[in-house]
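Open the model in your viewer and keep the selection panel at hand. The tour goes from one selection to the next.

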Amino acid sequence: ESAEFEKSSNMARDIIIERLNKVKERADEKANFKTLHEDIKAVQHEFRNQHFMKSDENAARKAFDDAFHYISEQRNKYFSDKFEVRITGLRDVIYRMQKGIEHDVKDVEYFERKADSPRIQSLELQLLKVRIRQLKETIASKEEKLRDIEKTLESVLKQAGKATKPEKVGKEEHEAANKPVEKTAEEQVSETPAENPEPKGAAEE
């Protein structure tokens with residue numbers, strides 16, 4: 001009986017580890033991370049009534065911990081990379097627009113000084129005034145676009161913060177992971193099964 005129990009415990013442990021490894025293999029940039037999270041919980045549910053030897057129970061718990069942690073890390077990495085590209089692009093656009101506005105402002109200042117010269121001709125003065133007016137309109141348009149882009153950047157930064165924040169362990173999984181293990185009579189004299197060894201580490205999406 002003891003040999004059969006050990007065999008059953010070892011087999012369940014190996015199946016859990018194998019299934020969790022397959023879930024982890026699917027955690028790439030095209031993955032639905034919520035689905036992967038639910039797949040891990042499904043394995044937990046399937047083996048919730050399995051009796052384990054203590055060593056196998058510990059191995060199963062560690063496998064679930066590692067799987068949840070790995071999925072969370074991959075999810076955060078994917079979203080971090082995705083938002084990083086977007087944020088870098090927006091910041092580059094903002095920088096170039098700011099430089100363009102600064103250049104236009106300097107041009108306006110130059111043409112205004114030139115227009116104030118007592119030696120300037122009437123026709124040249126008219127042309128300068130037209131040029132100055134055009135530059136000021138261009139500056140106003142660029143500043144409006146710049147404000148829009150800055151608002152977009154602020155929004156993306158907030159989204160990035162929400163998408164990559166650490167996930168919290170759900171109450172249900174936390175309680176299951178830390179549920180007291182009931183000892184059998186056999187376990188009191190040797191390494192024996194634990195009741196409902198729901199491994200810990202689950203995190204809510």
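Select Tyr78. With a relative accessible area of 27%, this residue is partly exposed, because that class covers values between 20% and 50%. The model you are looking at is predicted.

Is Phe33 buried or exposed? Phe33 has 5% relative accessibility, so Phe33 counts as buried.

Look at the two rings together. The structure holds 4 aromatic pairs. In the pair of Phe33 and Tyr78, the ring centres are 6.2 Å apart and the planes meet at 35°, so the pair is tilted. Phe33 belongs to helix α2 (residues 33–46), while Tyr78 belongs to helix α3 (residues 54–115), so the pair ties together parts that are 45 residues apart in sequence.

Together with Phe33 and Tyr78, they form one aromatic cluster.

Stay on helix α3 and select Phe68, which is found in this helix. Phe68 has a relative accessibility of 5% and counts as buried. How far apart are Phe68 and Leu36 in space, C-alpha to C-alpha? The distance is 9.1 Å, although Phe68 and Leu36 are 32 residues apart in sequence.

For a charge over a ring, select Lys24 and Tyr70. Lys24 lies over the face of Tyr70, at 5.6 Å from the ring centre.

Now select helix α1, residues 2–25. Helix α1 has 24 residues and reaches 35 Å from its first C-alpha to its last, close to the 34 Å expected at 1.5 Å a residue. Which residues of α1 are buried? They are Phe5, Ser9, Ala12, Ile16, Leu20 and Val23. Turn the helix and see which way these side chains point. An α-helix has 3.6 residues a turn, so residues three or four places apart point the same way. To see what lies against them, show α2 and α3: the buried residues of α1 pack against both of these helices.

Finally, show the whole protein chain. It has 5 helices and 0 strands, and from the N terminus on the elements run α-α-α-α-α. Of the 205 residues in the protein chain, 32% are buried. Among the contacts with a separation of 6 or more, 83% are between residues 24 or more positions apart. Switch to a surface view to end the tour. The protein chain exposes about 13500 Å², and carbon and sulfur atoms supply 50% of that area.

Key: Residues are numbered from 1 along each chain as its sequence is written. This is a predicted model: local features need pLDDT of at least 70, side-chain atom pairs count only at pLDDT 80 or more; totals for chains, interfaces and linings use all residues. Side-chain values use heavy atoms; hydrogens and water are left out. Helices (H or I, at least four residues) and strands (E, at least two) are DSSP runs, numbered from the N terminus. Buried means under 20% relative accessible area, exposed over 50%, partly exposed in between (1.4 Å probe, protein chains only). Contact means heavy atoms within 4.5 Å. Accessible areas come from the Shrake-Rupley method with a 1.4 Å probe; for residues, only the protein chains shown count as cover. Rings of Phe, Tyr and Trp (its six-membered ring) pair if their centres lie within 6.5 Å; planes under 30 degrees apart count as stacked, over 60 as edge-to-face and the rest as tilted. A charge sits over a ring if NZ of Lys or CZ of Arg is within 6 Å of the ring centre and within 35 degrees of the ring normal. The expected span of a helix is 1.5 Å times one less than its number of residues.
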